[in-house]
Amino acid sequence: MKRKQKTNFVDLVIIVFIIGVSITCLVPFLYMIALSLSSNSAIVSQKVTLWPVEFTLETYKTILSDVEMIYTLGYSIVLTIVYTLICMFLTICAAYPLTKKRLKGRSFFLSILVITMYFSGGLIPSYMLVKNLGMMNSVWSLLLPGAMSVFNLIILKTFFSSLPESLEESASIDGCNELGILFRIVLPLSLPSIATLSLFYAVDRWNGFQDALFYITDKNLYPMQLKLYQIITANQQLDTQQGEGSIGAYIVPESLKAASVMFATVPILVVYPKLQKYFVEGVMTGAIKG
């Protein structure tokens with residue numbers, strides 16, 4: 001009886017903790033929504049908390065009427081999809097051979113990959129490498145430098161290793177070669193991990209702006225997050241230049257900034273529910289089994 005009560009108490013503490021963390025993550029999001037939907041006068045008078053005051057959609061109309069913003073959104077979506085496909089292709093091609101005990105030097109190759117998780121050349125060597133390869137001011141500078149995560153590779157390798165060897169042996173007896181086994185047996189059974197890692201890669205690319213800040217000067221190649229970064233930076237500079245006495249110069253940028261954040265956040269939020277059913281299964285199986 002005491003053990004059951006102790007278990008119930010621990011469960012209650014965990015539930016309360018999770019609820020607290022969830023509220024902590026949700027409050028800033030709700031505040032940004034409220035700001036983007038509130039009027040200028042309500043923002044100036046600091047009446048906005050977690051609920052819109054004097055509801056308006058003017059900021060969203062302004063964003064949706066901006067052709068450049070719509071183009072950046074479409075470009076960022078395509079960029080994220082292409083980046084995710086390249087990353088998953090490379091991750092699968094690296095993870096599958098590393099599960100084969102007959103691969104000579106398997107431990108050596110895996111050790112070399114793991115070392116890169118702890119040591120890297122740094123910012124300046126990375127910049128020089130991209131420049132010397134002729135990828136400056138090119139979309140390839142956003143696709144290739146971070147095209148594979150060793151952490152994700154290890155998760156996928158562990159998932160592959162957890163699959164029964166008898167399945168591959170049966171397929172081999174039936175005449176399947178390695179590619180046939182990979183595409184007909186391994187990948188269909190690995191959809192939870194593949195979906196989860198694809199989500200990791202997609203979120204990483206969608207939220208990334210630092211590489212574009214370093215490598216891109218052509219505005220047509222700006223991803224959404226860099227566009228948003230410039231909007232926020234420009235607003236801060238405008239506020240500084242106008243001074244505290246110029247209230248009107250502050251109101252519109254603040255509401256536009258909030259609306260821009262929401263505009264850049266919604267696309268990736270739409271993807272999450274689609275892959276949620278694979279998320280826990282993919283991460284837990286890839287991290288624990290094998």
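Is Tyr215 buried or exposed? I looked this up in what is a predicted model, and Tyr215 counts as buried, its relative accessibility being 7%.

Entry on the rings around Tyr215. I noted that Tyr215 belongs to one aromatic cluster together with Tyr127 and Phe214. The ring centres of Phe214 and Tyr215 are 6.5 Å apart with the planes at 65°, and because planes over 60 degrees apart count as edge-to-face, I recorded the pair as edge-to-face. Phe214, for its part, is partly exposed at a relative accessible area of 29%.

Entry on another aromatic pair. My search of the whole structure returned seven aromatic pairs, one of them formed by Phe209 and Tyr229, which is stacked with 4.9 Å from centre to centre and 25° between the planes. I placed Phe209 in the loop between H11 and helix H12 (210-215) and Tyr229 in helix H13 (residues 224-242), so that the pair links parts of the chain 20 residues apart. I found Phe209 partly exposed at 29% relative accessible area, and Tyr229 also falls in the partly exposed class, at 34%.

Entry on the cavity. I counted one cavity of 30 Å³ or more, and the largest cavity holds about 50 Å³ of space. I listed its lining as Ser76, Leu79, Thr80, Arg205, Trp206, Pro223 and Met224, with helix H4 (67-95) and helix H11 (191-207) each giving two or more residues. H4 supplies the largest share, three residues, and I sorted the lining into four nonpolar, two polar and one charged.

Entry on Arg205. This lining residue also has its charged end over the ring of Tyr83, at 5.8 Å from the ring centre.

Technical notes
Residues are numbered from 1 along each chain as its sequence is written. This is a predicted model: local features need pLDDT of at least 70, side-chain atom pairs count only at pLDDT 80 or more; totals for chains, interfaces and linings use all residues. Side-chain values use heavy atoms; hydrogens and water are left out. On a 1 Å grid over the protein atoms alone, a cavity is a set of points where a 1.4 Å probe fits but cannot get out, and a pocket is an open set with protein on both sides within 12 Å along at least five of seven lines; lining residues have an atom within 4 Å of a point. Grid points are joined across faces, edges and corners, and a volume is the space filled by probe spheres set on the points. Helices (H or I, at least four residues) and strands (E, at least two) are DSSP runs, numbered from the N terminus. Ala, Val, Leu, Ile, Met, Phe, Trp, Tyr, Cys and Pro count as nonpolar, Asp, Glu, Lys and Arg as charged, and the others, Gly among them, as polar. Rings of Phe, Tyr and Trp (its six-membered ring) pair if their centres lie within 6.5 Å; planes under 30 degrees apart count as stacked, over 60 as edge-to-face and the rest as tilted. Buried means under 20% relative accessible area, exposed over 50%, partly exposed in between (1.4 Å probe, protein chains only). A charge sits over a ring if NZ of Lys or CZ of Arg is within 6 Å of the ring centre and within 35 degrees of the ring normal.
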